[in-house]
Structure formats: structure tokens, C-alpha cells
Amino acid sequence: FTHTVCIVSCKVAVQYFFVCLVAYHIFFMLFVWSYWKTIFTLPMNPSKEFHLSYSDKESLEREPRGESHQEVLRRAAKDLPIYTRTMSGAIRYCDRCHLVKPDRCHHCSVCDKCILKMDHHCPWVNNCVGFSNYKFFLLFLAYSLLYCLFIAATDLQYFIKFWTNGLPDTQAKFHIMFLFFAAAMFSVSLSSLFGYHCWLVSKNKSTLEVFRAPIFRHRTDKNGFSLGFSKNLRQVFGDEKKYWLLPVFSSLGDGCSFPTCLVNQDPEQASTPGGLNSTSKNENHLFPAKPLRDSQSHLLTDTPSWSETSAKAEKGKVGMSNPALTMENET
């Protein structure tokens, strides 16, 4: 009987070891993959249509700062999908990059370039976190948290034995103590950071927009880009759920234009694609209905089939860099 019990115990131990070994390598590979993608995915810059022409640049250099300066920018931005303004109500313009800033685009002083939907510049990945790699950054936080929690959980029994003198008196027991403390402390910090960014995704905000809410033509609105939890989530992770947990590009849109709940039809502007002549939630919000990209415009509709149709339209694009954007090399 004792022999049988020993055999069963050995089998259970081997199975437990095998399960832990497989789980460890899965978490580790996903963690490294997402970390790699976050670091080496180049930040995306505004497309050529947002750059000023040579004649517009000359006009800006000749005109003094003021109404005439803004008139040049308004003329350059009249056909661009732009809703946000500066605090004074002026067109958002970058003097260093010589371009009209798309919505949610900001100039990074570290990278010295304008980054689409910039969230922040992260020193831990030595890269800007923005439209092109925000999904990878979220997955990096998620898998690093799971990795640390897994290490802390599997090391806990040996950590308890360390304090109850149940381990052999070797140098290895100090390694166990250090490993548990390191994994536990990283788990606490990562859980708070990951929770914060999950909240940002649910509200369709960036870190910069939390500190300074986007300013639209008539007012500031901290929830101007929020379309509801489900659509906010799909804007970052895409329509096809099978790619949500993989660090491959599946975000909707091109990063230059974003649907907003404040948009309604302006008869002086060109009509938007896909029949988006919907009224805003608040009649006081009057914003020009600039054209949205096709992969973003369906988020404004409330038809039941919006996710199915968009999934078919985006099917060949998942996992690849967005072709509508241009990567600008650093000079």
C-alpha cells in the first residue's frame, strides 16, 4: 500500500511539475514577445496630407503670429479630419515638424517628432507609446503581471518553508526569498499600472488627455472620444477577438482620425462616408463632420452588424502595419 501511495505521489508531482513548466514558458514567451513589439515598433507619424505645402510654409514665415497666421492654417486644414483645437481655439500646429496636428497627436520632446495618439514616452521600453504600439504595451503589462504572479505563487510554498526552517541550510534558500520578494513587489506595481491603463481604454483616453482634456471647437470635453465600453475596447484591440491576446497589430483606423460622440452634420461641410449624418447627443455641440477613415467610421453607427462587417473589411490587415500611415525616418 505504501509503495502504491509513493507511486501515485510521484505521478502527481511529475504532472504538477510539467504543468508549471509549460505555463511558465507560455507566460514567458508572451511576455518577451509583447515586450519586443513594444520596444521595436516604430511610433507612427502623421501622413503627408497633414504636412504643409511649400507655399503654405512660406506664407507662415511671412505672416506674423495672429489672425493672418491662423488663416493660413485654417486654409491648410479645411479638408482634414480635425476636431480639436488649442486652448485659445486655434488650429493645432507643430512648429518643429511643420504640420497640422491630427486629433490626439502630440510632439514628443524625446523623439523630436509628432506621434499619433501619443500616450507617453516610456523610459522602460525606450520608445514612445502611441497608436502603433499601445496594444502591445497593454499586453506587455498584462503578461508581465501574469508572469510575476505565477512566479510568486509557485515560490510561495518554499518561501513559507524558509521562515519555518523547512529548507536545507544552503545558499539557495536566500535566492528563494529574493525571488519571492521581487516577484511580489513587481506584481503590486504592475497591477496598479495595468489597472490604470485598462481604465484609460474603457474611457478611450490617453495619459496626456487625462492631464489635459481635449479641446473641441466650442468647449472642452474629457469624454469627447468615448463611444462606450465595447467600441472603445474594439478601437484598441480590433474586431477579431482571436487576435486580442496576441501582440499583432489589430487596432482600428489609421491614427490620424477618430470618431467622436460630439460630431454632427454641418451643411457647409462635405457629407461623411457611410451615412454618418447622425445628430450629436447634445445639440450645443456643433462640429464640422470631417471625413473619417472607413475602419473608424463604422464605430459611430449603432447597427447590430457593425462588428461583423468591419471584421470582414479588416480581415487581411490584422497583424500588419497600417498601410494608410507613413513612417518617417529620423533625420
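Gln 70 counts as buried, because its relative accessibility is 13% and the cut-off for burial is under 20%. This value, like the others below, comes from a predicted model. Gln 70 belongs to helix α3, which spans residues 67-77. When neighbours within four places in sequence are left aside, the residues in contact with Gln 70 are Ala 90 and Ile 91.

The next topic is the empty space in the model. Rolling a probe the size of a water molecule over the atoms shows where such space is left. The largest pocket holds about 490 Å³ of space. Its lining consists of 21 residues, and those closest to the centre are Trp 124, Phe 140, Ser 144, Phe 186 and Leu 190. At least two lining residues come from each of α1 (2-40), β6 (120-122), α4 (134-163) and α5 (172-203). Of these elements, α5 gives the most, with 8 residues.

Finally, the database record may be set beside the model. An unreviewed UniProt entry carries the annotation "transmembrane region" for residues 16-36, 136-154 and 174-196. In the model, residues 16-36 are 100% helix and 0% strand, and their end C-alpha atoms stand 30 Å apart. Residues 136-154 are likewise 100% helix and 0% strand, with 27 Å between the end C-alpha atoms.

Technical notes. Residues numbered from 1 in each chain as written. Predicted model: local features only at pLDDT ≥ 70, side-chain atom pairs only at ≥ 80, totals over all residues. Heavy atoms only, no water. Helix = DSSP H or I, 4+ residues; strand = E, 2+ residues; numbered from the N terminus. Buried < 20%, exposed > 50% of the residue type's maximum accessible area, 1.4 Å probe, protein only. Contact = heavy atoms within 4.5 Å. 1 Å grid on protein atoms, 1.4 Å probe; cavity = no way out; pocket = protein on both sides within 12 Å on 5 of 7 lines; lining within 4 Å. Points joined across faces, edges and corners; volume = space filled by probe spheres on them. UniProt positions renumbered as here; feature names shortened; annotations may be inferred.
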